[in-house]
Amino acid sequence: MKILEDRIRKDGDIFEDNVLKVSGFLNHQIDPVLMRDMALEWKELYKGEKVDKILTIEASGISMATMTAYEFGVPLLFAKKTKTTNISDNVYSTLIKSYTHQIVYNVQVEKRFLEKGENILIIDDFLARGEALRGLINLCDQAEAHVVGCGIAVEKAFQPGGQELRQKGYRIESLARIKSMNGQNNIEFC
């Protein structure tokens with residue numbers, strides 16, 4: 001998606017350890033017009049699929065997943081990284097390691113919101129090693145829900161997550177696939 005690639009080149013910052021910071025428009029301060037454009041692109045990419053629900057993980061995926069759910073006319077469910085008093089004990093849960101935060105989260109969704117036989121489209125901001133996607137897929141597997149695919153804003157194609165999940169048969173539609181990134185503003189897209 002050229003508009004996203006251009007925005008990454010213009011406003012993205014590269015830090016050591018291949019960290020791409022897009023906080024000015026994607027996951028801290030949000031550009032709602034860009035979020036809608038991304039949602040419309042996923043709607044087009046998955047137009048032949050029956051989608052009952054959008055699933056993401058808090059927090060960075062929520063804005064783009066909300067717009068996507070709106071475009072599909074379906075509910076958005078986001079997996080929570082921490083247990084709060086307003087979540088029942090009747091949950092599906094999985095462990096997900098965040099390499100950015102160096103934390104392992106016990107991610108949860110209430111069972112009543114993720115049901116057997118539902119067709120789920122997973123939306124998330126980044127795909128690198130694939131930990132978050134594998135965790136969200138695991139939640140769907142526990143519920144016996146069907147993952148119709150995954151929509152990713154930015155995929156670091158030079159890391160193994162996307163390739164490994166595609167080899168397992170999952171459909172992944174990434175709007176910007178980064179082939180390499182070195183230094184400030186030196187990003188090559190696939």
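Reader: By about how much of a helical turn are Arg-7 and Asp-11 separated in helix α1?
Author: In this predicted model, both residues belong to helix α1, which covers residues 2-11. Arg-7 and Asp-11 are 4 residues apart there, so their separation is about one helical turn.

Reader: What is the N to O distance in the salt bridge of Arg-7 and Asp-11?
Author: Arg-7 is partly exposed at 21% relative accessibility, and Asp-11 is partly exposed at 28%. Their side chains meet in a salt bridge, with an N to O distance of 2.6 Å.

Reader: Is Glu-155, which forms a salt bridge with Arg-177, buried or exposed?
Author: The closest N and O atoms of Glu-155 and Arg-177 are 3.2 Å apart. The pair links distant parts of the chain, with Glu-155 in strand β8 and Arg-177 in strand β9, 22 residues apart. Arg-177 has a relative accessible area of 31% and is partly exposed. The relative accessibility of Glu-155 is 1%, and the cut-off for buried is under 20%, so Glu-155 counts as buried.

Reader: Which element supplies the largest share of the lining of the largest pocket?
Author: The largest pocket holds about 920 Å³ of space, and 33 residues line it. At least two lining residues come from each of β2, β5, β7 and α4. The largest share, 4 residues, comes from β7.

Reader: How many residues of the lining of the largest pocket are charged?
Author: Among the lining residues, Ser-98, Tyr-99, Thr-100, His-101 and Phe-126 lie nearest the centre of the pocket. The lining has 12 nonpolar and 11 polar residues, and the number of charged ones is 10.

Definitions and conventions. Residues numbered from 1 in each chain as written. Predicted model: local features only at pLDDT ≥ 70, side-chain atom pairs only at ≥ 80, totals over all residues. Heavy atoms only, no water. 1 Å grid on protein atoms, 1.4 Å probe; cavity = no way out; pocket = protein on both sides within 12 Å on 5 of 7 lines; lining within 4 Å. Points joined across faces, edges and corners; volume = space filled by probe spheres on them. Nonpolar A, V, L, I, M, F, W, Y, C, P; charged D, E, K, R; others polar. Salt bridge = Lys/Arg side-chain N within 4 Å of Asp/Glu carboxyl O. Buried < 20%, exposed > 50% of the residue type's maximum accessible area, 1.4 Å probe, protein only.
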